[in-house]
Amino acid sequence: MLATGLDRDGPVTFVGDPDTGEATVGIELDGGQAVFGASVVRNGGDRAVTLRGASLVGDVPEEAARLAEARVLEFREHGVDPVGAGPWPVDRYGELSVPLAGYRLEPGVELELLLVVDVIEPGHWRWPRNVLEYEDSSGTAFRATSDLAFELTCSPAATCHG
């Protein structure tokens, strides 16, 4: 679980975050794992920060679908576009990305967040926000929040085993 009480302005922001809170990226699949990769963050500061964790925020029962892994990808460096949403792994994104926790985000760099979800039960699941927690070199903790929603549908006929 991520720490609470960290909402404060910091150097890392979500790029292209919707102003209305109504934008949604979604996928329908037959089970397994899905990835939400529509969120891009940028370090607009003049010093590196260390990423600590990420979460999807919503009223989704953990026994139905849950965050399995948080990864990051310097998509421009690898010449790929942000994935949006899809089954996991998608193309080469698994091999090109690295675990988020402990990643050092340099000034001016943009990263795609890859939030991998285990789909356990059939249903329609929605997380209206995603959160990134990080700290600067002095150890001050920050939280950046995006209102870009992720919707996931696993049909009742599917075999959902996350």
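These legends accompany close-up views of a predicted model of one protein.

View 1. The secondary structure comes to 2 helices and 14 strands. Buried residues make up 44% of the 162 residues. Among contacts between residues at least 6 apart in sequence, 83% join residues at least 24 apart. The protein exposes about 8000 Å². Carbon and sulfur atoms supply 44% of that area.

**View 2. Confidence along the predicted chain.** The protein averages a pLDDT of 88. A score of at least 70 is reached by 88% of the residues. Residues 1-5 stay under 50. For this stretch the model has 8 contacts beyond four places in sequence. Where pLDDT is low, the predicted coordinates should not be read in detail.

View 3. Strands of a sheet pair through backbone hydrogen bonds.

**View 4. Strand 5 against strand 12.** Strand 5 covers residues 49-57, and strand 12 covers residues 129-135. The two pair in the antiparallel sense over 7 bridges. One place to look is glycine 53, whose bridge partner in strand 12 is glutamate 133.

**View 5. Asparagine 43, a buried residue in a strand.** Asparagine 43 belongs to strand 4 (residues 40-43). Its relative accessible area is 0%, so asparagine 43 counts as buried. The side chain of asparagine 43 reaches the backbone oxygen of leucine 105 at 3.0 Å. Leucine 105 is also among the residues that asparagine 43 touches beyond four places in sequence.

**View 6. Tryptophan 127 stacked on phenylalanine 150.** The structure holds 3 aromatic pairs. In this one, the rings lie 5.6 Å apart, centre to centre, with 15° between the planes. Tryptophan 127 lies in strand 11 (residues 123-127), and phenylalanine 150 in strand 14 (residues 149-154). The pair therefore ties together parts that are 23 residues apart in sequence. Both tryptophan 127 and phenylalanine 150 are buried. Together with Phe36, Trp127 and Phe150 form one aromatic cluster.

**View 7. Tyrosine 134 and phenylalanine 142, another aromatic pair.** The ring centres of tyrosine 134 and phenylalanine 142 are 5.4 Å apart. Their planes meet at 15°, so the pair is stacked. Tyrosine 134 is buried, and phenylalanine 142 is buried too.

**View 8. Glycine 84 and its surroundings.** Glycine 84 is found in strand 7 (residues 84-87). Its relative accessible area is 17%, so glycine 84 is buried, under the 20% cut-off. Beyond four places in sequence, glycine 84 touches Val25, Val35, Phe36, Gly37, Ala38 and Glu112. Of these, Phe36 is a member of the aromatic cluster with Trp127 and Phe150. Leucine 114 is 30 residues from glycine 84 in sequence. In space, the two are 9.1 Å apart, C-alpha to C-alpha.

Methods. Residues numbered from 1 in each chain as written. Predicted model: local features only at pLDDT ≥ 70, side-chain atom pairs only at ≥ 80, totals over all residues. Heavy atoms only, no water. pLDDT = per-residue confidence, 0-100. Contact = heavy atoms within 4.5 Å. Pairing = 2+ DSSP bridges. Helix = DSSP H or I, 4+ residues; strand = E, 2+ residues; numbered from the N terminus. Buried < 20%, exposed > 50% of the residue type's maximum accessible area, 1.4 Å probe, protein only. Polar contact = N/O pair within 3.5 Å; in protein donor to acceptor, adjacent residues only side chain to side chain. Areas by Shrake-Rupley, 256 points an atom, 1.4 Å probe, with all protein chains shown as cover. Phe/Tyr/Trp six-rings, centres within 6.5 Å; stacked < 30°, edge-to-face > 60°.
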